[in-house]
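Take a look at the fold below. Two parts of it deserve a guided walk.

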Amino acid sequence: MYSTFTIIKKYLQYQLTSLNGKGHGIHSPFVFDFVKKVLNNRKTIECAKEIESRRQFLLKRKEIIEVEDFGAGSSIIKKNKRSIHRIAATSLKPKKYAQIIHRIVAYYKPIHIIEIGTSFGITTSYIAKANPLGKVNTFEGSASIANIAKTNFSKLQVNNVTLHQGEFSRTLPDVLNELEGIDFAFIDGNHQKNSTLQYFELLLLKSSNNTFFIFDDIHWSAGMESAWSEIKKHPQVQLTIDLFFIGLVFLKKELKEEQHFTIRF
Ligand SMILES: C[S@@+](CC[C@H](N)C(=O)[O-])C[C@H]1O[C@@H](n2cnc3c(N)ncnc32)[C@H](O)[C@@H]1O
């Protein structure tokens, strides 16, 4: 992982060099539409209040839980004791990004949805509520974290989510085998280059032309930046949008040429 100083430097560079977040200078009609209708959509998100109050509740919980630590290579190294409020403060996508993911799902309305990395299910809830007709399969390795997520789904009345608890390398292939296809995947689990690329290849096997992906923390480490640049070069990838803390990937073959945008958000 890069130091905080390096990430701030990279973020400032992104702010200075990215395309205008209002859409000026963006010539792709698809991306222009995305900027106008999704990125700049300021309408209130109905479910936000209850989901954010759940986040606040977690941020106040001082209890210590025992969580599995999934290391590089996806093997459990050890069990760690961590406080709930600390996990809530450091592992969950912040409100701004969880909400843009909600707006993206609400706009494109994917049905078969995968989330790799549930944690406490805060972003999962935003995704699930964005399209009540969607079916969300979310994956979490740690049993104690997964149990808190399940309580959150029940408190928030999130009824279209199935949580698969266990190491991704075991649970993900089994679930994907059972699915006919996927429309959207949010990859926010194991932030290692090789694992990220392996999950992408697995997900691609079940993808169609309209499937899209969001990768988390694409500038978090040299490994994740390298994974992101390989994803951009992948022969099936036609369009990417870099929003710094997340990266969007579309396969859309009808877009005449490959396009890669970095847009201020
Ligand atoms: C960054 S958090 C997910 C945050 C969540 N998407 C959100 O925004 O609210 C990543 C989660 O993935 C789990 N995880 C990481 N590597 C894993 C692995 N190899 N197998 C199973 N779970 C794993 C961790 O326990 C952690 O809870």
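What follows treats a strand and its partners, then a helix and its surroundings.

This is a predicted model. Start at strand β6, residues 182-187. Is β6 mostly covered or mostly open? Six of its six residues are buried, so "buried" here means 20 or more other C-beta atoms within 10 Å of a residue's own.

β6 has strand partners. Strand β3 (residues 112-116) pairs with β6 in the parallel sense, over four bridges. Within that pairing, Glu115 has Phe186 of β6 as its bridge partner. Strand β7 (residues 207-216) also runs parallel to β6, joined by five bridges. Here Phe184 stands opposite Phe212 of β7. Now follow the chain from β6 to β7.

Turn next to helix α7, residues 143-155. Its 13 residues reach 19 Å from first C-alpha to last, close to the 18 Å expected at 1.5 Å a residue. Which residues of α7 are buried? They are Ile145, Ala146, Ile148, Ala149, Asn152 and Phe153. These residues lie on the same side of α7, because they cover an arc of only 160 degrees around the axis. The face turned away from that buried side carries the exposed residues Thr151 and Ser154.

What do the buried residues of α7 pack against? Their partners are the helices α3 (48-59), α4 (84-90) and α6 (122-130), along with the strands β1 (64-70), β4 (135-140) and β5 (161-165). Just after α7, Gln157 takes a positive phi of about 55 degrees.

Technical notes. Residues are numbered from 1 along each chain as its sequence is written. This is a predicted model: local features need pLDDT of at least 70, side-chain atom pairs count only at pLDDT 80 or more; totals for chains, interfaces and linings use all residues. A residue is buried if 20 or more other C-beta atoms lie within 10 Å of its own, exposed if 12 or fewer, and partly exposed in between; C-beta atoms are placed from the backbone. Helices (H or I, at least four residues) and strands (E, at least two) are DSSP runs, numbered from the N terminus. Two strands pair if DSSP finds at least two bridges between them. The expected span of a helix is 1.5 Å times one less than its number of residues. The arc is that of the directions from the helix axis to the C-beta atoms. Two residues are in contact if their C-beta atoms, placed from the backbone, lie within 7 Å.
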